[in-house]
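Hi there,

Here is the structure I promised to pass on.

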Amino acid sequence: MSTVGPACAIPVPEDVPTPELLERAWAARAALGDRLVILGHHYQKHEVMDFADITGDSFLLAQRGAAATQADLILFLGVYFMAESADILSQPHQTVVLPDLGAGCHLAECADIFTVRDAWAQMTAALPGKRVIPLTYMNSGADLKAFVGEHGGAVCTSGNAERAFRWALSEGDAVFFFPDEHLGRNTGVRIGMPEDHGVVWDPRVAELGGADPARLAGTRLILWKGFCNVHTTFTVRQIEEARAADPGVRVIVHPECPRPVGAAADEDGSTEYIIRRCEELPAGSSIVIGTDWNLVDRLRLRHPDKAIRCLNEHICPCVTMNRITLPKLTWCLESLAAGEIVNVVDVDDDMKRWARVALDRMLALA
Ligand code: SF4
């Protein structure tokens, strides 16, 4: 089991004026100096992102945190599975903390070790003589990363899912991908599978996840029925409306969006891909993006020479990402500066070892 430190009883009142919070947070941050590195995920609120020493996606941040060997404290501005990943890759002298231990990820929580183990037992029994390779998305618990490591599989990110799927299919007869059905389907299409290929495994259905046994026997792709509650709010209709309003618009969406949305967009790609495309497209471009609002808003501010907006301007930003607030960050920094290491995310050693095996397999694909 992954273990955590004391729960976050936050003594920093939410109603302290922002200028005072900023002053206190920066003072605590300065007192910690090089012994602290702050990692900020792209979907974090602006009010905390200014404190990040390094920004990026979850895997890059975990790697960069481990490489910051001068720091014995890694503060993660992100969600729980990201802090776990940072701890998996961290150096023995480093401790990872998360300002709010309740900052989870809806998608990661669509799969848990118990239902995945049960699914694995059922599908391997139903597919005698076939080799199934389990792949988990980065957005998953440390226990699931360890599970795939122990069972010959690997982790993948939205940026390298295609490579990971090709590798898995070269190693075995079928891929069992969790927890994101949509990233799995989008990746299957990218590597040449028909749109309707694949079997969806619904963990709420006790027997074979609701899969038809004959279809299961003939498939190369088994997809866990999980989804991100932010990226599945984007629709084909929103794309049609964006094009009707501006025929020259370039629509770019994240591959956690459902397949019809990915198919209707001009491009789909990982968070890093979206950031890069906003840099590459010429001044004057009109760009509509289907991903978390905080990132889109930052891209809009970063590129004032381009018209950048969110595919759904009324979307709620990811609620769990937004649990990391300035008051909680202030509390966390002040506690660390006072010598009290709060909200530790500590993956147990055996789990860490197998999860690293799965992450190393992913790195070897590069
Ligand atoms: S945007 Fe989706 S995948 Fe990312 S942290 Fe939020 S729920 Fe998870």
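P17 sits in the loop between β1 (2-4) and α1; helices (H or I, at least four residues) and strands (E, at least two) are DSSP runs, numbered from the N terminus. From the C-alpha of P17 to that of L144, 127 residues apart along the chain, the separation is 41 Å.

Before going on, some ground rules. This is a predicted model, in which local features need pLDDT of at least 70 and side-chain atom pairs count only at pLDDT 80 or more, while totals for chains, interfaces and linings use all residues. Residues are numbered from 1 along each chain as its sequence is written, and side-chain values use heavy atoms, with hydrogens and water left out.

Next, helix α1. This helix (residues 18-32) has 15 residues and reaches 21 Å from its first C-alpha to its last, close to the 21 Å expected at 1.5 Å a residue (the expected span is 1.5 Å times one less than the number of residues). Its buried residues are L21, A25, A28, R29 and L32. They lie on the same side of α1, because they cover an arc of only 100 degrees around the axis, taken from the directions from the helix axis to the C-beta atoms. The face turned away from that buried side carries the exposed residues P19, E23, A30 and A31. Among what covers the buried residues are β2 (36-41), β4 (73-77) and α14, where contact means heavy atoms within 4.5 Å. Just after α1, G33 takes a positive phi of about 50 degrees.

Now the core. The largest nonpolar core has 129 residues, and L75, L135, F176, F177 and L333 touch the most other members; such a core is a set of buried Ala, Val, Leu, Ile, Met, Phe, Trp, Tyr and Cys residues joined through side-chain atoms within 4.5 Å. Helix α4 (residues 80-89) gives the largest share of this core, 7 residues.

F176 touches, beyond four places in sequence, residues including V116, W120, I133, L135 and W224. I133 is found in strand β6 (residues 132-137) and counts as buried because its relative accessibility is 0%. I133 and F176 are 43 residues apart in sequence, yet 6.0 Å apart in space, C-alpha to C-alpha. Other contacts of I133, again leaving aside neighbours within four places, include G152, W167 and V175.

Finally, the domains. The domain assignment gives domain 1 (2-104 + 320-347), domain 2 (108-228) and domain 3 (231-310); such bounds come from an automatic or database assignment. The C-alpha centres of domain 1 and domain 3 lie 29 Å apart, and their contact takes 10 residues from domain 1 and 12 residues from domain 3. About 850 Å² is buried between these two domains, with carbon and sulfur atoms giving 47% (buried area is the accessible area, with a 1.4 Å probe, that two parts lose on being put together, summed over both). On the domain 1 side, H42, Y43 and H46 lose the most area to domain 3, together 76% of what that side buries.

Best wishes

Key: Buried means under 20% relative accessible area, exposed over 50%, partly exposed in between (1.4 Å probe, protein chains only).
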